[in-house]
Amino acid sequence: MSTKQNPVFLEPLQPANLTEQKDKYMPEQLNYDFKDGQVIEFLHRVEPFTRLTTDELAALAKLMTRCKFEVGETVFSEGDHSSEAFIIEAGKLSFEKLSHVVRYFAAGEMCGKSAMINEQPRSGTARAVEPTTALVINRKAMEDEACFPPRIYGKICMEFARLMTNASSEEEAMYREMDVLLVQDGGCAPGYNPVTAFITEYLEHDKRRVFVCNEGFISLVKGRTEDFRRLVYGMALYQQLERIPGVIFSPPLREARGADFRTERYKEFMKKEIQEKAVKTIMERKVKVLIGIGGNGTFAGINALSKMLPKEVQVFFIPVTIDSDVYGTECIGQHTGVEIGAEKIRCYMADARTHHRCYIIELMGAAGGYHALHSCLGAGAHLAVLPSLVYEPKRVAEALKHRNSTVIVVAEGYKSEERKQKASPLNAAEYFYEELKAAGLQTQQRVICEGFSRDIRGAKPNNMDITLAQRMARKLSELVRIGQSRVMPAVLAEKEYAIFFDDIRTDNSVDSGLAHLANRLGV
């Protein structure tokens, strides 16, 4: 974290521009010729009529009428008793449960099919989101033996029953248009799950539908239905949708450890041809809002996609990283990371005092060393060795000569390029120890090097990070509402604002004054 980033304050929140909704009224009746060969051909492509013969389809077409719905017009309402189904010829209908859009019906699909097999009230509300033309079929007309052959009706009923009990077909339909899509990626950190839950809560409150990639960027590249999940925050809505595969109740994620929807860093994603596959998935799935959640690697991927996507797709980034490697904001995960890191150091310090040992511990800190520095400060360890500072091994060796217990914290990025060039197999702690020995280290303490422990990644997020996740999710929902894009919500010094992608810096640094505080060896 750093205060050097100049905050960017965006325009005040404006009311959402929602599509006007009109009450149900009698739709406009259009001319209809049931003998039209194009009608028969069209019906043959519609489930559940694909197995009917041409003569059977002609008999069915006689029962239908054609009507038109204007934008915002209600086709039917949740709780209605009706015997009609609507086969869309052109346009689009939304289907809502508890005032939340669940899915859309496009040309060639049938909306309201449950009315074809039972008298149950409508389970949701259908509304035109575009000017829509539909063929209307009435179950009661099909049940009338004087109007329609029972044999054909029985054949259609069997197909309806098959479709109504096939949850996978509902799954395919639901994921066809993914309104808001979250992408968790990068190294795990406490807070991935809480911010995912809070984003779902705030955006669902705004009537948005939230989806998540099951395995980060890899899922975007594969693009299959099984690569995505639907997140639902409200219990009542979840109970309506839980039968559909992939629907997840998100509130338990608020305090959950780890990251439930991510994979290891996907290095291949930096290739343009791989990114183009992700863009294709985003466009085919009609994603309107894309949100990346992670550290600097995740930001690099999301930023690259934002430059390839049309401006109509809003793109955002949420920083979740233990090492706080994004300038100008606190990062979700940094508070828990320091708390757990400091406690680990305290344990080493107690053991060092008891057994007269010198522990050289590697902790996270790839570039600046935020996590290593603040963990060292919190626990009162004797020295923090950071990538951005220069140390004289000889002076450190001299300082250790007459001590009987010491704990030195080394950030994982210490001389990483030098180690890479030398093809050194040593971790940062071991490399620093070798430098001390080369400088003439002599001490009665037993020196033990401990490699960086990954258990911190799976720590339970503390209250500070959960609160930060909630604040960033709330800010994000505001940014979505006012139509912003390519920005990151930021929290610093109790202020909430936003940083544009072009101004985000991920090279990280730490305050040299704090680094001096972490030097208790006097070197």
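A polar contact is a pair of N or O atoms within 3.5 Å; within protein, one must be able to donate a hydrogen and the other to accept it. Such contacts surround glutamate 496 in this predicted model. The side chains of glutamate 496 and arginine 471 are joined by a polar contact of 2.8 Å. A polar contact of 2.6 Å links the side chain of glutamate 496 to that of arginine 474. Beyond residues up to four places away in sequence, glutamate 496 touches Arg471, Arg474, Lys475, Ala490 and Val491.

Glutamate 496 belongs to strand β21, which covers residues 495–500. Strands β21 and β20 pair in the antiparallel sense, over 6 bridges. Leucine 492 has lysine 495 of β21 as its bridge partner. The hairpin of these two strands has 2 residues between them. Within the hairpin, alanine 493 takes a positive phi near 50°.

Strand β16 runs parallel to β19 (residues 446–450), and 5 bridges join the two. Here isoleucine 360 has cysteine 449 of β19 as its bridge partner. Strand β16 also runs parallel to β18 (residues 406–411), with 6 bridges between them. In that pairing, the bridge partner of glutamate 362 is valine 410 of β18.

The largest nonpolar core has 82 residues. Ile199, Ile291, Ile318 and Ile360 have the most contacts inside it. Helix α16, residues 463–481, provides the largest share of this core, 8 residues. Another core, of 41 residues, lies apart from the largest one. Val183, Val232, Val247 and Phe269 are among its members. In soluble globular proteins, nonpolar side chains tend to be buried together. Isoleucine 318 touches Val195, Ile199, Ile291, Gly292, Ile293, Gly294, Ile332, Met472, Leu476 and Pro489, with residues up to four places away in sequence not counted.

Helix α6 covers residues 192–205 and is mostly covered, with 11 of its 14 residues buried. Tyr192, Asn193, Pro194, Val195, Thr196, Ala197, Phe198, Ile199, Thr200, Leu203 and Glu204 are the buried residues. At 1.5 Å a residue, the 14 residues of α6 should span 20 Å; the end C-alpha atoms are 20 Å apart, which agrees. Just after α6, lysine 207 takes a positive phi of about 70°.

Strand β4, residues 84–90, pairs with β7 in the antiparallel sense over 2 bridges. Methionine 110 in β7 is the bridge partner of isoleucine 87.

Terms used:
Residues are numbered from 1 along each chain as its sequence is written. This is a predicted model: local features need pLDDT of at least 70, side-chain atom pairs count only at pLDDT 80 or more; totals for chains, interfaces and linings use all residues. Side-chain values use heavy atoms; hydrogens and water are left out. Two strands pair if DSSP finds at least two bridges between them. Helices (H or I, at least four residues) and strands (E, at least two) are DSSP runs, numbered from the N terminus. Contact means heavy atoms within 4.5 Å. A nonpolar core is a set of buried Ala, Val, Leu, Ile, Met, Phe, Trp, Tyr and Cys residues joined through side-chain atoms within 4.5 Å. Buried means under 20% relative accessible area, exposed over 50%, partly exposed in between (1.4 Å probe, protein chains only). The expected span of a helix is 1.5 Å times one less than its number of residues.
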